Amino acid sequence: MPTTQSYDAIIVGAGFAGLYMLHRLRRLGMRAQVYEAGSDVGGTWYWNRYPGARCDVESMQYSYSFDDALQQEWSWSERFASQPEILRYAGHVADRLDLRRDIQFDTRVTSAHFDAKRALWQVATDRGDRVTARFCVMATGCLSAARLPEIPGRDSFAGPTYHTGAWPHEGVDFTGRRVAVIGTGSSAIQAIPVIARQAAHVTVFQRTPNFSIPSRNAPMDAEYENWWKSDYAAHRAKARAMRTGILYGLNDKSALEVSEEERQAEYERRWANGGTAFMGAFSDLITNRQANDTAAEFVRNKIRGMVRDPKVAEILAPKSHPIGTKRICVDTEYYETFNRPNVALVDVAATPIEAITPAGVRTAAGEVAVDDIVFATGFDAMTGALAAIEIRGRDGIDLAAKWAEGPRTYLGLMSAGFPNLFMITGPGSPSVLSNMIVSIEQHVDWLTDCIAHLRARGLDTIEPTQEAEDGWVAHGNEVAHRTLYPSAASWYMGANIPGKPRVFLPYIGGVGVYREKCDAIAAAGYEGFRLGGQNQAAAAE
Ligand code: NA7
């Protein structure tokens, strides 16, 4: 039934960000309502149910830290948690904190308009809800707008098609079937080995090869779990100060200052240990091309060693971007999968996909007949979910229009002209370059303190000044261009979406540094923000 209600806050999304936000706002005594498009909590982990889906941050670190009893009582079964286990964890948290009663599922927010006279957000949903709230929190996720490529004939395919980011809940049985997988990003790299073990045949269509590090996933080591749990608070505190919000060994030496022998030994050690910590092997891998080349060549040689057919190995070995400048992948037997007799690789860079036909995929080299197509083609990252909602701030200004040349935010938390509209892990914050849960907790905590600050002073609104926003955008660009990241055509740069402006979307200054900046800004009375009462809000209209 449609409702007409007013709340203190509307939260859009019931992933890890929305769940924690709801919890914190309730603790402030606020009435918050969550709208969630899915039928249950979990966000990314609700939608991405493809075979092999797994987190590439270690499970002991990919969990909430705000509640010690919660982190002590929960046990992860593996070093890297699988999607079903993370989804169970999200459900457990929702039950434990009794969150579901304030979440309306199967409901998409369609618009959010700011009423400057009343300093209220008017929010509408696809279920006919029309509600108002002082605060509107976009907990919509960075990688939640799944994207299908514009390939001619895409909808003419006669068989079933799937997107990794919107996988059927009942699962898919590929037994005896010929499957095409389009894309070789993190999702494909996790899914391909699992699908290949089941399907009759898999053809992988690769446009850009990616660097992937073996996960060395294993059942949880009891001693390791105990090490974390025996001093969780201290370990978490260290993680929060790290560049990525993940506690792992960072070498502060340059790759170029050590001998070839020491360099190779360091790479070997990290390769054997597995996971994204590989990129911490030396301090300058993301800032110095020559240093980066040594790591990239190490991984290329590993690929050459794992893949039996030298031609296939060369196609799989990335050469067009520095390692780490596209999201580094973590896998279980990805490269080895190409040694299987039932797996074929098509180099789409050499022979582009021309069309999808009723029978399969046609490239410049010919048609490959398949029964199923898996699109592992990614997301409209960081801005896609926000752009899908009609968001209008002061004077009817449209957020998507304001961001036509790229997102503009202050701290990745707010955008000028949109009072009381908050983004959790928005563009301009470390977000996807970090352990998402660490960044989510930091934003939610900061935001909760900010709202408490306003309430304690009888203030109604907060919004960034134009100068503060311009300064933050300039700073974000400046820091990004000190690294090798902008040189890759990645989704970090918006390069995977035709027509999307090429702007480096997340903030690369590091989680620890960023947290200090946010805290200093709050301590200085929310420097760079304009705080106001209702009258000021109306006067500024
Ligand atoms: P990604 O990393 O964006 O990967 C998408 C893949 O799909 C990538 O290999 C693309 O190649 C490929 N792609 C996209 N469009 C096409 C067309 N038209 N033809 C051929 N290939 C195409 O998405 P994922 O879901 O794997 O991972 C997203 C993030 O989720 C991941 O980084 C983790 O943070 C979790 P391209 O590189 O653009 O040439």
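In what order do the three strands of the open sheet lie, and is their pairing parallel or antiparallel? In this predicted model, the order is β13-β14-β15, and the strands pair in the antiparallel sense.

**The open sheet**

- The edges are formed by β13 (353–356) and β15 (366–369), each of which pairs on one side only.
- On average, and with direction ignored, neighbouring strands in this sheet are turned by 20° against each other.
- Strand β14, covering residues 360–363, is joined to β15 by four bridges, and the two run antiparallel.
- Within this region, Arg-362 has Glu-367 of β15 as its bridge partner.

**Partners of strand β16**

- Strand β7 (residues 161–163) pairs with β16 over three bridges in the parallel sense.
- Opposite Thr-161 stands Ile-373 of β16.
- Strand β8 (residues 178–182) also runs parallel to β16, and four bridges join the two.
- Opposite Val-179 stands Asp-372 of β16.

**Side chains of strand β16**

- Which residues of strand β16 (residues 372–375) point one way, and which the other way?
- Asp-372 and Val-374 point one way, whereas Ile-373 and Phe-375 point the other way.
- Are these four residues buried or exposed? Asp-372, Ile-373, Val-374 and Phe-375 are all buried.

Notes. Residues are numbered from 1 along each chain as its sequence is written. This is a predicted model: local features need pLDDT of at least 70, side-chain atom pairs count only at pLDDT 80 or more; totals for chains, interfaces and linings use all residues. Side-chain values use heavy atoms; hydrogens and water are left out. Two strands pair if DSSP finds at least two bridges between them. Axes are lines fitted to C-alpha atoms, for helices over the stretch in contact, and angles run from 0 to 180 degrees between N-to-C directions. Buried means under 20% relative accessible area, exposed over 50%, partly exposed in between (1.4 Å probe, protein chains only).
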